[in-house]
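Hi everyone, thanks for making the time. Let me put the structure up, and then we can walk through a few of its strands, helices and cores together.

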Amino acid sequence: MALQKRTDDLDWNDLRYVLALARHGSLSATARFLNVNHATVSRRIAALEETLGLTLFQRRARGYVLTPAAAPVLAAAEQIEAPLLRLGRLGDASRGEQISGTVRITCTEGVASHTIAPQLTGLRQRWPALQIEIAVEHRSLSLARREADIAIRWARPKTGELYASRLGAVPYRLFRNPAAPDRTAVAAFDESLADLPESLWLKKSGLKQTIRSNSMLPLVAAARAGACAVLLPEYIARQYPELAPEPGKPPVTRELWLVLHRDLRNTPRVRAVADYLADGIKRALRQPA
């Protein structure tokens with residue numbers, strides 16, 4: 001009966017606060033997004049925690065972090081949010097707001113080739129009047145200067161009037177073709193990308209780096225051909241059945257974020273593309289290794 005009462009007392013508005021705090025990471029940023037004060041955010045989170053009998057967030061130096069107990073709550077909130085967003089977009093369409101025009105997306109090469117490009121068929125079928133531009137950059141293009149409308153980034157931005165939505169954790173593993181004759185060789189990014197977490201781990205690992213490039217695609221091609229192993233995100237490596245993971249825990253885990261400028265987050269064409277891409281990326285990341 002106690003569990004039933006807690007379920008009956010749930011309020012979607014409280015779940016909205018959980019989603020917003022998980023995405024923005026601080027009371028002040030969440031309050032700005034929801035157009036309330038930070039005390040309201042704190043009070044609504046505390047009320048929901050009391051209703052559920054769970055601690056959903058821990059306060060850390062870098063902001064509010066979800067506890068393990070919060071994972072099913074966040075998943076349920078996202079499931080409730082998705083149809084509401086779809087209804088909102090139907091409402092926009094009924095008011096004559098056509099989803100059309102150009103949307104420019106900036107991301108790294110691996111994300112562009114393995115994450116964005118596979119979704120473009122469905123995206124164009126849904127909104128044929130849209131034009132999509134993909135800017136492949138290892139540096140972060142400025143959303144404030146309108147160098148791009150949407151960014152898929154490997155780190156949460158720390159500055160700027162930006163809206164950041166966490167897409168998920170991305171484990172990396174070493175993958176190789178089981179038929180590879182050399183079991184010690186690995187491919188790696190060159191010195192231009194030496195500061196990436198995966199490059200730093202490979203440098204410390206002591207593995208023999210025999211093939212280098214500033215591009216992921218030739219490294220993947222070399223590994224598929226059996227020339228070496230390559231350190232890849234699990235969700236990307238799943239697209240290549242000839243590559244098998246090395247045993248053990250993932251040596252590197254990064255986070256993928258979708259970032260919008262706050263002034264554009266409610267623009268129909270940008271919001272439509274952002275929501276579509278976010279749904280697809282989250283599904284890809286949830287698939288088992």
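Let's start with a facing pair: leucine 258 in S11 stands opposite isoleucine 152. Before going on, a word on the source: this is a predicted model, where local features need pLDDT of at least 70, side-chain atom pairs count only at pLDDT 80 or more, and totals for chains, interfaces and linings use all residues. Residues are numbered from 1 along each chain as its sequence is written, and side-chain values use heavy atoms, with hydrogens and water left out.

Helices (H or I, at least four residues) and strands (E, at least two) are DSSP runs, numbered from the N terminus. Strands pair if DSSP finds at least two bridges between them.

So who are the neighbours of S5? S5 and S11 (residues 252–261) run antiparallel, joined by 4 bridges. S3 (residues 101–107) runs parallel to S5, with 2 bridges, and threonine 106 has alanine 151 as its bridge partner there.

In a regular strand, side chains alternate between the two faces of the sheet. In S5 (residues 150–153), Ile150 and Ile152 point one way, Ala151 and Arg153 the other, and all are buried, meaning under 20% relative accessible area with a 1.4 Å probe, protein chains only.

Now the nonpolar cores: sets of buried Ala, Val, Leu, Ile, Met, Phe, Trp, Tyr and Cys residues joined through side-chain atoms within 4.5 Å. The largest has 55 residues, and Ile150, Ile152 and Leu256 touch the most other members. Helix H11 (residues 268–286) gives this core its largest share, 9 residues. A second, separate core of 20 residues includes Ala20, Ala31, Phe57 and Ala70.

Technical notes: Buried means under 20% relative accessible area, exposed over 50%, partly exposed in between (1.4 Å probe, protein chains only).
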